[in-house]
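Work through the following exercises with the coordinates open, and try each task before reading its solution.

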Amino acid sequence: MRRAHPAACGSDIAQTAYVVNVETPQNTGSDLIAQHVTFHPINPTFAPHFFKAMLTASNISLRFGKRVLFDEVNVKFTEGNCYGIIGANGAGKSTFLKILSGEIEPTTGSVSITPGMRMAVLKQDHFEFDDFPVIETVIMGHKEMYAVMQEKDAIYAKPDFNDEDGIRASELEEKFGEMGGWTAESEAAELLSALGVTEDEHHCLMSQLTNTKKVRVLLAQALFGNPDILLLDEPTNDLDVETVGWLENFLAESKNIVIVVSHDRHFLDAVCTHTADIDFKKIRVYGGSYTFWYESSQLALRQQQQANKKAEERKKELQAFIERFSANVKKSKQATSRKKMLDKLNVEEIQPSSRRYPAIIFEQEREAGDQILNIKDLSLDGFFNDVTFNVYKGEKIAVLSRNSLAITKFYQILNNEIKADSGSSEWGVTIQKAYLPNENDKYFNADLNLVDWLRQYSAEKDETFIRGFLGKMLFSGEEVFKKSNVLSGGEKVRCMISRLMLAQPNLLILDEPTNHLDLESIQAFNEGLKTYKGSVLFTSHDHTFIQSIADRIIELTPAGVIDKKTDFDSYLQDEEVRERKAKMYAAHSQVS
């Protein structure tokens, strides 16, 4: 029998590959069959013909002083699968990607890949390629091809070109062609266009692009050339819903290894075949999407807490969960190739998580009357025009726009922070509103601890009462005496949510409420809004957040408003809506 086998020693796998010859003699009559095994090294260049792509982390530990981030982690990633790396804030998701890419050396252990396989990483430095043209920046994602291209061009540019140069150039041309170099520019252009970078920008310098466009170019760079192993850290940041959808389809059809860190649950569910959970300083890989992991981990926790439940009852509950989840997956619009869930999902492998979820519960001090909000002919030059609609009791409205600043301006008008150019907005007399802005730095300038910070917004000044609201957002013990002006972005948002809950409003205005939050806080926020009885105006880039909360969609455009009583997915798929949007935005661009 002849089969491919990785190197005998883990640390050597990236350098040497072997073909294993296993010679089995005739049956000797014994129960034991002797085999003679010989290892023959093969050229790593040809290894992909023998091996499936594999990325292995062996005995990885990482320590920062006394703090242990990873402890003897062993995990294997294989071809054809997409792995979503999840974990609480600070668990080390991005750090683990850096270990895999070689950017960070672990304290102990090693990372190995199948010989000859190419790895690509989504770059995070928006200024690294400022001196290069956009199209060239994308091609630089295939380092070996780019190096060949550079050497080849340098030889042709020599004023004293000789026979030796000709031979070398010929060798490089052949190598360049084998790598797909002759179609590199057209493939790079196709990627850029798909990611929303227009053709007139392809030959600009990177320094001439906005940060939002740079993010898209860097994503194209990572995807370019069909890398065997792709590492993506928050790839959906700054992408609109159409571009995220394109990326979901691209990754879901990929046959290679994809490892992704993201706070976007819809994205994780759409592309991931496996979930790699960082918990207890270890990494455990489970078959299935993020939603499967989350729901089954919650089920495992409930069953753990019900210690006296009989084993047979637990087994029936587990089986019912699997059947329900599998049925939902089959009905999903995402069911194509890698978007399909694995055939066998084993919830019994899921362990209760050590994560703590905030308790986000919104209550109303008083129920609103029938008059909520009436908006008529509201306009702000350059952002939106002729906005007219009424908000009705209990509605949860997702406000959209291609220009996120237009939504922020709209909310600021509703909160009397700025004035509209024309039109009016009138609140009902019973409305008690609370506002979560996108930018919250102005709330955290004072040198106050968290108890005193939140006490500013409370009629009840008792410390135990105040600490109760901070505790719901996981500020406990000595943490409540932390200074408010040194908080992280996520901590600030958690404080602002404590403030919202304390206000007990009957209407919420939320501008990108999930920004800076971890998956646990997003999940809790999501559940809190689903059960909230009041009205909500909100905007978010989190697809699942909008789909699971909104019962009405309003899109602000420079040429009017689109208003549909529907859920988010139906809105996105509505052909009539697509045509109206195209006309409204196009009409404005022609006027401009």
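**Exercise 1.** Which residue in S19 is the bridge partner of Ile397?

*Solution.* The model is a predicted one, in which local features need pLDDT of at least 70 and side-chain atom pairs count only at pLDDT 80 or more, while totals for chains, interfaces and linings use all residues. Residues are numbered from 1 along each chain as its sequence is written, and side-chain values use heavy atoms, with hydrogens and water left out.
Begin with strand S15, residues 396-400, where strands (E, at least two residues) and helices (H or I, at least four) are DSSP runs numbered from the N terminus. S15 runs parallel to strand S19 (residues 535-539), to which three bridges join it, and within S19 the partner of Ile397 is Leu537. Four bridges join S15 to strand S20 (residues 552-557), again in the parallel sense, and there Leu400 has Glu555 as its bridge partner.

**Exercise 2.** Determine whether the residues on the faces of S15 are buried or exposed.

*Solution.* Buried means under 20% relative accessible area, exposed over 50% and partly exposed in between, with a 1.4 Å probe and protein chains only. By this criterion, five of the five residues of S15 are buried: Lys396, Ala398 and Leu400 lie on one side, and Ile397 and Val399 on the other, so that both faces are covered.

**Exercise 3.** Describe how helices H6 and H7 are oriented and which residues form their contact.

*Solution.* Axes are lines fitted to C-alpha atoms, for helices over the stretch in contact, and angles run from 0 to 180 degrees between N-to-C directions. The axes of H6 (residues 211-223) and H7 (residues 241-252) come within 13 Å and cross at roughly 10 degrees. H6 and H7 are therefore roughly parallel to each other, a term for angles under 35 degrees. The contact (heavy atoms within 4.5 Å) involves Arg216, Leu219 and Leu223 of H6, together with Thr243, Trp246, Leu247, Phe250 and Leu251 of H7.

**Exercise 4.** Find the edge strands of the open sheet of six strands.

*Solution.* The strand order is S8-S9-S10-S6-S11-S12, with mixed pairing, where two strands pair if DSSP finds at least two bridges between them. S8 (119-121) and S12 (282-287) stand at the edges, each with a single partner strand, so one side of each has no neighbour in the sheet.

Note on methods: Parallel < 35°, antiparallel > 145°, perpendicular 65-115°, else oblique.
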